[in-house]
Structures are given as C-alpha cells and as structure tokens.
Amino acid sequence: MKILITGNMGYVGPSVVRRLRQSYPKGTLIGFDNGYFAHCLTNAEFLPECRVDLQYFADVRHVQPEILRGVDAIVHLAAISNDPMGKTFEEVTYAINFRASVELARQAKAAGVRSFVFASSCSMYGMADDTPRKETSPLNPLTAYAKSKVSTETELQKLADKNFRVTCLRFATACGMSDRLRLDLVVNDFVACAVTSKNITILSDGTPWRPLIHVKDMARAFDCGINRDPALGDFVAVNVGSDAWNYRVTELAEAVAKVVPGVSISVNKAAPQDSRSYRVDFSLYRKIAPDHQPQVDLLTAVAELKEGLGGMGFNDPDFRSSRYMRLQALKRLRETGALDAELNWTQA
C-alpha cells in the first residue's frame, strides 16, 4: 500500500501515522502538510514525521500531479480546523476545506487512487434537539467550518464510483494527548485549566451536548476507512464515535475534576445559549466497523492529558493566548509576516 496523509503535521495526524505504520509495516506512507503548526510540539520523544517514508511541505491548494502517482489511498485531514479560525479566515476556510479538497479528490481519481477517506465532522448537525442525529438527519451547519464539510461531502459523492471509493468520517469532537497538541478543544481546554489554575471555566451555561472521540480512536477509524467493505457502496458518510461519549459540557468538567484533585468549576450561567449542541447516533459505525470501535474512555483521556501536560512542564494560566490555540498560532504567523492574508507562506 502507498498511502498519502494530508495534514499529517496537525493535531490528529501523528496518531494516524502511528496507527497506519502499525497496520502497514511494509507500506509507503507519505506526509503532505504546509507546516502551519509544525512548531506546536509537546514532549514527543522524536519528530512524528520520522514515521513516514516521505514528507512533502506544500499547500493542499497546490497539489502537484506527480505526488499522486502510484498512490492507493488518501487520508485527507488537511483543513482549517475549527470555528474560531473559520470565522476569522472565512474565505480561506472555503478555499482549503472545500475547493482544495474537491480538487484533490478529482486529481486523485484521475491518477487512479482507489480509496479517498475524508475527515468530516458531526458539527454539520449544528443546533438540534435531544434526539440523537443519524446520518439521514437534517443537516444544520452553523459555521464556515461546518458548512465547508457539508459542501465537500456533496461534491465527493458525485465523484465516487466503483473505482474511486469515498468514505466520509463524520467525527465527534476530538480530544486527547498528541505529539502536536491543541488546547482549543473542550476536554483539552478543561484539563489545561485544571492543571494551571485549579479552576475550570465553562464559557457557556454548561448545558450543550458534545459527542467526543479520542485521537487514537480517530486513527482507528481512518485505518478502517482505507479498506472498508466495497459492498457498503461507492460513497459512505458515517458518524464516528460512541453513544457512550455523548456528554453535556458540565459533565466533562466534572470528569476532569475527578482526575485532577482540588479543582473548582465555574459556570457562566449568564452566557447566551450555545447554538452548537447536538447528540449523535453512532449505530451505523458500530454496524460497519465492529473491529474498529472506540477504545479510550473519558477518564483515561483526561489522565493522559494531565500526565502529558505535566511531562511538558506546562504551567501557563494564560494558555488561551498560547501557540497551542490554533487561531493564536495563525495570528502570530500573520503578525510576523510569515503568512499573507490568504495564509500563503510569504517565503516558500
């Protein structure tokens, strides 16, 4: 197998590469990333990219055809990856997350790539009642990030055929320790609050629902998607996560407080209602991927984060302004002139 992983130098990428290296020890793994967050390393024992056979430093908006030559499967992670970045860089979000993703798929199909696995998101369900959202439920994307995922899925379905199998993995909200950490994710944020200040500050009223998944279990899903059963059809979109991991935000804070002793929880009861609230039904994923179900539970994820932050000597109470917040990392690259307004490197 020859597998191209775009966005491999982000938060999820190191876990995906590690998993695929285990599953395909003799395979050829190719990384493709423009390096926005290459400096956001934690206490990794060595550079995560040492696990790939070849690393391209390039922009997914400009993929050269020769990179796709002989590739069997693509794991497409590369994206502007959260709502704050999408709001600040809305046009760039559509350019990268939507237009570049569809163009990559077109080029891949033309090059003979057989399997295209797309990192989609449950955020496309937006605001919903307490009825768990199924794959057939109405979509209600509220942000540029979520809208870009819906648009991309629509176009990918048109490209799928018996020779170009497309799998869209609608992931729950990611969490867990990584060689390249993000703290702008709800569980990761809460653990960082607990470790640095012994107080978890919930910016909402605490009632919104969040489905969660650990980065290791996301990697498990990508591994499944590469060689999924063709009998499922040329195109599959599936919610990826666990029914047991549908939590209210206050429950997440309480779980962190169980692992990190002496932590208090502050809830902003005056906060306006958070429109991003949804529960998700993961029964289809249980059916089609019985051997790749999530394995990491919430308390284990919290304990790993606590240990990982401790290993980094992390004690920054102002971490929401640090490079471990993706929007802050991009803003600093813009302020120094390293990136232009369209997030192109000014010195290639």
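Helix α9 (298-311) gives the second largest pocket the largest share of its lining, 3 residues. Helices here are DSSP runs of H or I with at least four residues, numbered from the N terminus. The model is a predicted one, so to speak of local features takes pLDDT of at least 70 and side-chain atom pairs need 80 or more, while totals for chains, interfaces and linings use all residues. Numbering starts from 1 along each chain as its sequence is written, and side-chain values rest on heavy atoms, with hydrogens and water left out.

Back to the pocket, an open set of points on a 1 Å grid over the protein atoms alone, where a 1.4 Å probe fits and protein lies on both sides within 12 Å along at least five of seven lines. The lining (residues with an atom within 4 Å of a point) counts 16 residues, with R18, M177, S178, D179 and K216 nearest the centre. At least two lining residues come from each of α1, α6 and α9. By class, the lining splits into 7 charged, 5 polar and 4 nonpolar residues.

As for α1 (residues 13-23) and α6 (residues 215-226), their axes, lines fitted to C-alpha atoms over the stretch in contact, come within 8 Å and cross at roughly 50°. The crossing is right-handed, with the near helix turned clockwise from the far one by less than a right angle. In contact (heavy atoms within 4.5 Å) are S15, V16, R19, L20 and S23 of α1 with V215, K216, A219, R220, F222, D223 and I226 of α6.

Note on methods: Axes fitted to C-alpha atoms, helices over the stretch in contact; angles between N-to-C directions. Nonpolar A, V, L, I, M, F, W, Y, C, P; charged D, E, K, R; others polar.
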